[in-house]
Every structure is written in C-alpha cells, then in structure tokens.
Amino acid sequence: MIDAAPRMALAAERELEALVGVSSPSGDLEGAEECVALATAFLPTEAEVERLECSTPRHARDLVGRLRGSGELRVLLLGHLDTVVSHDAHRPLTREGDRLTGSGAIDMKGGVALSLGVMRELAARPELFAEAAILLVNDEEWRTAAFAHAERFAGFDACLCFEAGERTKAGDEAVIVKRKAAATLNVEAHGRSSHSGSAPEKGRSALLALATVAQLVAARSDPTGPDRLTAVPTILRSGDAFNVVPPFGELVCDLRADRLEAFDSVFRAIPAEHDEVRLEPSMVRAWPGMDSRAATAGVLAAASEALGRPIAAAERGGASDASHIAAGGIELTIDGLGPRGGGAHAPHEWVSAESLRTRAEVALAVTAALLGA
C-alpha cells in the first residue's frame with residue numbers, strides 16, 4: 001500500500017485547499033454542511049454514507065462513511081471538520097515554499113484529507129478488512145457534552161485518528177499513543193456589590209475571592225508527581241464598572257493529568273465560600289486520557305519494518321477524540337497520523353506540503369500492518 005503515497009499526497013493537497021476554503025468554526029451550520037459535502041464527495045464511490053446526530057446539540061450532524069469488505073478486521077478512521085477560527089479571521093489556503101497556510105489546515109483538515117485518501121486506498125483492497133469506517137465530527141474543538149459515538153464503534157478492532165503528526169527530536173516520524181486526560185474547571189463567585197469609593201467595606205468582592213481560588217488551584221499543580229497533574233487558571237472575568245465592588249465573577253482553569261481522578265483533589269480544594277462570597281465550582285468538560293502503548297507496539301514495529309524507517313510511539317498533552325474512542329473499548333488506537341505543521345488554533349495554521357507524502361507513507365504503513373497486508 002505504501003507505494004500509493006505520492007498519489008494520495010497529491011490528492012490531499014487539492015482536497016486540503018478545498019476544505020480550508022470553507023470557514024467552519026464549531027457551531028456554524030452552513031460551514032459544517034459545506035465541509036461535510038466536500039468530504040462526502042472525496043469519499044470512495046463504494047462508501048455508504050450516513051449522518052449521525054452530533055454530540056453537541058444544534059450542531060450539524062456528523063458524517064460516517066462505511067466500506068464493506070471480505071476480511072476479518074473492522075477499523076475506524078477518525079477526524080473533525082470544525083475549527084476554532086472565526087469567520088472574520090478565516091484565511092483560505094496559500095502556498096509559500098513548503099508551507100500550505102490557511103485556517104484549520106493543521107487542526108485538522110490536513111489530517112481529514114489524508115484519512116479520506118486512506119479510505120480510497122482501502123476501497124481498492126476490500127479483502128483486507130471486514131469493515132472500514134470514517135467518522136468526521138463537527139464539534140471537537142469546543143465540545144462540553146459527552147461524546148456520543150464511542151459505544152457505536154466499541155466493537156471495532158482498531159482506530160486510526162488523523163490529528164497532526166510530528167517528529168521526534170532525533171527526526172523520526174512519530175504517532176501519538178498516549179494522551180493526558182483533560183478537564184475545564186469553572187468556578188462562579190457570588191458576592192455583594194457596593195460603591196467602591198464611599199462604602200467598599202459593605203461589599204464582598206467576587207474578584208478577590210476568585211483571585212484566592214486561582215492561587216489554590218495553581219497550588220495543586222504537580223507536574224512531576226504520580227499523575228503529572230497540571231492545574232492552570234486561564235480566564236478570570238469579574239466586574240462591570242470601575243467604581244463598584246464586583247458582586248459576580250467567573251474563573252476558568254485548564255486541568256491535565258494522566259488520570260481523570262487526579263482532578264478530584266483540585267475540585268476538593270475549592271471552599272464553599274471565601275470572605276462571605278459563595279463559590280460554585282463545576283467541571284464543564286472532562287475528557288479521558290489514552291495509553292495504547294502496549295496494544296500498538298506490535299503494529300508500529302511491523303509498520304516501521306515495512307516503511308524502512310522508524311515510526312516512534314509518542315505522547316501529547318493536548319486532547320483528542322481518540323481518547324474517547326480508546327476509553328470506549330478500542331485498545332488499539334493510534335493518533336497523530338496527520339501531516340506535520342504548526343500554528344494550531346490560529347488563522348495562520350500551516351501544513352508542510354512535503355509531509356503530506358511522508359505522513360501518507362506512515363498512515364499507509366500503519367494501516368497495512370494493522371490489517372496484515
């Protein structure tokens with residue numbers, strides 16, 4: 001299969017340009033539907049197309065394409081079509097040297113293009129699999145609801161996710177087999193307003209209470225500890241007027257650890273009230289971690305041998321839907337099969353054009369090793 005990489009890379013660059021040409025921030029129905037239409041057109045003609053209700057209400061339905069084969073294994077390809085870049089900041093794809101720059105290019109329309117290419121290659125080899133499915137969702141970037149699709153694909157044998165690829169410090173191609181759990185902690189503070197000039201003592205400042213909570217959260221960080229917990233206050237909002245003690249505020253914190261359970265200690269550290277300001281903490285998002293190192297070692301060794309160069313097993317701190325799929329029962333989950341690039345979550349995201357070919361080789365080698373080709 002690996003010899004198909006040049007053909008796949010050429011198609012991926014063209015399809016990346018088309019996908020990036022559509023502005024599709026999470027929650028935008030029109031942009032999502034246009035991206036779904038493009039992805040559907042890029043699927044092999046043999047694929048059965050289905051639309052599934054999105055995990056997040058009022059979002060465009062997610063896309064599933066299925067191929068039926070005569071083999072034994074069932075494999076899921078995974079990606080997302082939504083971006084974090086607003087319509088006003090959107091940039092269509094441009095090329096300068098090796099850089100293909102455009103909104104959503106690396107996160108993750110470049111990976112989507114490669115995953116669609118793998119589906120077309122599999123369509124020509126139905127003897128390799130019992131079922132090959134691709135799931136492209138429309139809410140990955142801002143989802144706070146539970147992931148709706150893990151149970152649907154729990155019976156599959158493997159999942160390949162096409163988030164951005166990378167290289168090791170030694171220059172070897174790498175895929176992601178370990179991710180931290182991630183959560184977003186929200187703390188609301190309810191105090192009492194008063195005139196900050198004539199009667200500040202009568203107020204109870206939500207801002208000051210949340211500043212204290214932010215320090216408590218930050219103090220729970222233990223990146224070298226057993227769970228490698230990081231607890232980082234990231235957003236603080238409070239106050240509407242310069243001369244009023246702020247009665248309400250909100251603190252947002254980003255939590256990462258090897259286990260979801262590690263976040264419990266942060267949650268417990270927040271008091272019910274501080275200086276007569278009522279505090280209401282809640283977890284608005286909690287994504288599981290992933291550790292598929294043991295389950296994927298054999299596949300990566302076989303893929304490296306077939307490719308003729310190492311494919312390293314790497315770790316990444318960022319969250320991905322691959323973690324939901326792995327937690328749902330597919331132990332053999334490999335992520336980071338997309339192209340290399342940078343600038344994720346910024347309008348100037350970019351993909352290395354050269355990496356479309358080299359990462360196509362990696363994706364095809366992994367797929368072939370997985371299916372015993």
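Biologist: Are Phe153 and Phe156 buried or exposed?

Modeller: Buried means under 20% relative accessible area, exposed over 50%, and partly exposed in between (1.4 Å probe, protein chains only). Here Phe153 is buried, and Phe156 is too. This is a predicted model, where local features need pLDDT of at least 70 and side-chain atom pairs pLDDT 80 or more, while totals for chains, interfaces and linings use all residues. Residues are numbered from 1 along each chain as its sequence is written, and side-chain values use heavy atoms, leaving out hydrogens and water.

Biologist: How many aromatic pairs does a search of the whole structure find?

Modeller: Rings of Phe, Tyr and Trp (its six-membered ring) pair with centres within 6.5 Å; planes under 30 degrees apart are stacked, over 60 edge-to-face, the rest tilted. Searching the whole structure gives one aromatic pair. Phe153 and Phe156 have ring centres 5.3 Å apart and planes at 75 degrees, so they form an edge-to-face pair.

Biologist: Which ring does the charged end of Arg99 sit over?

Modeller: "Over" needs NZ of Lys or CZ of Arg within 6 Å of the ring centre and within 35 degrees of the ring normal. Arg99 has its charged end over the ring of Trp350, 3.8 Å from the centre. Likewise, the charged end of Arg285 sits over Trp287, 5.3 Å from the ring centre.

Biologist: What is the order of the six strands in the open sheet?

Modeller: Strands are DSSP runs (E, at least two residues), numbered from the N terminus, and two pair if DSSP finds at least two bridges between them. The order is 1-2-6-3-7-17, with mixed pairing. Strand 1 (48–52) and strand 17 (333–334) are at the edges with a single partner strand each, so one side of each has no neighbour in the sheet. Strand 7 (residues 158–161) runs parallel to strand 17, joined by two bridges, and Cys159 stands opposite Thr333 in strand 17.

Definitions and conventions: Helices (H or I, at least four residues) and strands (E, at least two) are DSSP runs, numbered from the N terminus.
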